[in-house]
Structure formats: C-alpha cells, structure tokens
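Have the structure open and try each task before reading its solution.

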Amino acid sequence: MFPVLFLLFVGMPLLEILVLIQVGSVIGGLNTILVLVVTAVIGAALVRGQGMQAYQKAQQRMAMGEMPGIQLAEGILIFVAGLMFVTPGLITDAFAVLLLIPPVRQALAKKMMARMQVQMSGGASFTSFGFRSGGQSSPFQQRPGAGPDNGRTFDGEYSEKEEERRRLERENSDRN
C-alpha cells in the first residue's frame, strides 16, 4: 500500500510538473496555463452533466425498488473524474476524460461492484448496514438463523413513560 501512496502523492505530481514543463516549452507558459484552465472548466461541465444522469438513473432504480449499485459506483467514478479535472495537470485530465467515457466507466463500475461483493462475502461487511448490490441478498438473509439476532425479530414500541416507570421500579427494588 505504501508504494502506491508514494507514487500517487510524490511520483504523480513530479510527472505532472515534467509534462507541464515540456508542454510549456512547446506552446509557451501562458498557453499551458490557459489549457489547464479550459480543461478544468470543460471538465466541470462534463462532470456535472454526467453526474446528473447517473443520479437520475439511480433514482429510477430506487423507484423500482432495486439497489442502484452500478449507478452508485459510476457516480463515485464521476466524482473522482471531477477531482482529477480540478487537479492541475494534463495527465490527470487525460485519466478524467477516460472516466467520463461511458463504456470505460461502466466496465470500471462493474469491477468495483464485483470487488465489493467479494469483500462482503469474505467478511468485510457493508451488509451490516443493509447495502446489497446486484440483486444479491445479504449473508444474514441467505441463512436463516445466522444473523446477529439468530433469526428472531421482535417488533415493539418505545414509550418514555414506560421506560421511566421501569427505571423507578429498578431503583426501588435496589433500595429494598
């Protein structure tokens, strides 16, 4: 994990600076800055449009009673693309453009969901929060009696007056 973070936070900025110097020597420093500003503005517009589309698709899936797993993963990738566009650099802009190409983004989103499903079945659990993807049920629902309540669910109502009465009864029994 450390080598990946090192490359991300040290190697990538150095590579970006190298590319910006090379581009600046060819088209000029002011033009290079102008290119960075234009790509950030165009990128923000693209991210906003595609983000709204992903949001609407997720809303449609939820309205049909389905978990919008792929749409949420695509939304995360669009968000990452937005972050890459506002990060100054031409390499990050190129990766951001790749994330905004629908077939590429959908393939990455499917890989993300598959990886999350493997991790969930391996013990790392989003299922405790009730998240499921791809129409799969959580491990607790697959095996009756295997959940934290051993398959028993009790419905009830909470009353502050009842709770206060029980507390007073406990205090009285403790005194006696």
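**Exercise 1.** At what angle do the axes of H2 and helix H4 (residues 90-100) cross, and within what distance do they come?

*Solution.* A note to start with: this is a predicted model, where local features need pLDDT of at least 70, side-chain atom pairs count only at pLDDT 80 or more, and totals for chains, interfaces and linings use all residues. Residues are numbered from 1 along each chain as its sequence is written, and side-chain values use heavy atoms, with hydrogens and water left out.

Step 1: the two axes cross at roughly 20° and come within 11 Å.
Step 2: H2 is therefore roughly parallel to H4 (angles under 35 degrees count as roughly parallel).

**Exercise 2.** List the residues through which H2 and H4 meet, then sort them by class.

*Solution.* Step 1: from H2 come Val35, Leu36, Thr39, Leu46, Val47 and Gln50, and from H4 come Leu90, Asp93 and Leu100 (contact means heavy atoms within 4.5 Å).
Step 1: this contact of H2 with H4 has six nonpolar residues, two polar and one charged.

**Exercise 3.** Describe how H1 packs on H2.

*Solution.* Step 1: helix H1 (residues 2-27) and helix H2 (residues 29-63) have axes 7 Å apart, at an angle of about 120°.
Step 2: Leu20, Val23, Gly24 and Ile27 of H1 meet Gly29, Asn31, Thr32, Val35 and Leu36 of H2.
Step 3: by class, the contact of H1 with H2 holds five nonpolar, four polar and no charged residues.

Definitions and conventions: Axes are lines fitted to C-alpha atoms, for helices over the stretch in contact, and angles run from 0 to 180 degrees between N-to-C directions. Helices (H or I, at least four residues) and strands (E, at least two) are DSSP runs, numbered from the N terminus. Ala, Val, Leu, Ile, Met, Phe, Trp, Tyr, Cys and Pro count as nonpolar, Asp, Glu, Lys and Arg as charged, and the others, Gly among them, as polar. Angles under 35 degrees count as roughly parallel, over 145 as roughly antiparallel, 65 to 115 as roughly perpendicular and the rest as oblique.
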